[in-house]
Amino acid sequence: SIENLYHNMTLQFSIAFSEWIDPLGELYDAVHAFSQLHSSTDLSATHCSNRLVWEKLERLEVDAAIMCDTQVVSSMDLDMVSFAREQLCLYFPASVSGDTPADWDQALPHIDAVYGAWSEEESTELSQRMSDNLGLPTSQCYTMSNFYSVVACAETIPCFVVSDARFGHLCHTPFLRNLPLHKESALCCVWNKKNENPLLPEFVSHMKACFQD
């Protein structure tokens, strides 16, 4: 009788998305399909800064986080499984002269959408994803209030934005040119080892199945 009640009780499952990725599009379709398979589950999701993601994982406030594997700091308290390949691109207006960063006349500002102030770790991530990969100096970073503002700025002023060509916020911006960053990275599920939510292994397996190449 107890076992029967357990299997019929309403479960909860919460997800946190890293600020660097777009929770809509392909990711939304995969998460929605998971919720359809578990109609009695109360599923919730949040999109927040990486710092807040780590805090939520540590406090067991979310069951799983979806982020880039290059952003995961190895920890005895965390487990991680990659499920989809990243395709990072540098986006910039067609008006910028030169086909490669080495040909550009000057350093360009970087435009970022706001999810709170950058930490030192997040600034390092920015450097790794752009400057180190392309030898591209950053003249200044401007924070915009939302991604509509990012797109508007990228369309009108010489600047650059980094986004994932498969999962990023600038996927559908035909007025921008882009260059691949050729960085080996992937999206992954991260969770606290103390988390005993029975849906966790099912969710990880589901995400891997959805994005098998």
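In this predicted model, strand 5, which covers residues 88–93, pairs with strand 8 in the antiparallel sense, and the pairing runs over 4 bridges. Within this pairing, cysteine 89 of the chain stands opposite serine 163, a residue of strand 8. Strands of a sheet pair through backbone hydrogen bonds, in either a parallel or an antiparallel way.

Both strands belong to an open sheet of 3 strands, whose order is 8-5-9 and whose pairing is antiparallel. Strand 8 (161–164) and strand 9 (176–180) are the edge strands, each of them pairing on one side only. From one strand to the next, the twist averages 35 degrees.

The second topic is helix 2, which has 12 residues, numbered 26–37. At 1.5 Å a residue, helix 2 should span 16 Å, and this agrees with its end C-alpha atoms, which are 17 Å apart. Which residues of helix 2 are buried? They are Leu27, Ala30, Val31 and Phe34. Seen down the axis of helix 2, these buried residues fall within an arc of 95 degrees, so they line one face of the helix. The face turned away from this buried side carries the exposed residues Asp29 and Gln36.

What covers the buried residues of helix 2 includes the elements in this table.

| Element | Residues |
|---|---|
| Strand 1 | residues 12–18 |
| Strand 2 | residues 42–48 |
| Strand 3 | residues 64–68 |
| Strand 4 | residues 78–85 |
| Strand 10 | residues 186–192 |
| Helix 7 | residues 200–210 |

Note on methods:
Residues are numbered from 1 along each chain as its sequence is written. This is a predicted model: local features need pLDDT of at least 70, side-chain atom pairs count only at pLDDT 80 or more; totals for chains, interfaces and linings use all residues. Side-chain values use heavy atoms; hydrogens and water are left out. Two strands pair if DSSP finds at least two bridges between them. Helices (H or I, at least four residues) and strands (E, at least two) are DSSP runs, numbered from the N terminus. Axes are lines fitted to C-alpha atoms, for helices over the stretch in contact, and angles run from 0 to 180 degrees between N-to-C directions. The expected span of a helix is 1.5 Å times one less than its number of residues. Buried means under 20% relative accessible area, exposed over 50%, partly exposed in between (1.4 Å probe, protein chains only). The arc is that of the directions from the helix axis to the C-beta atoms. Contact means heavy atoms within 4.5 Å.
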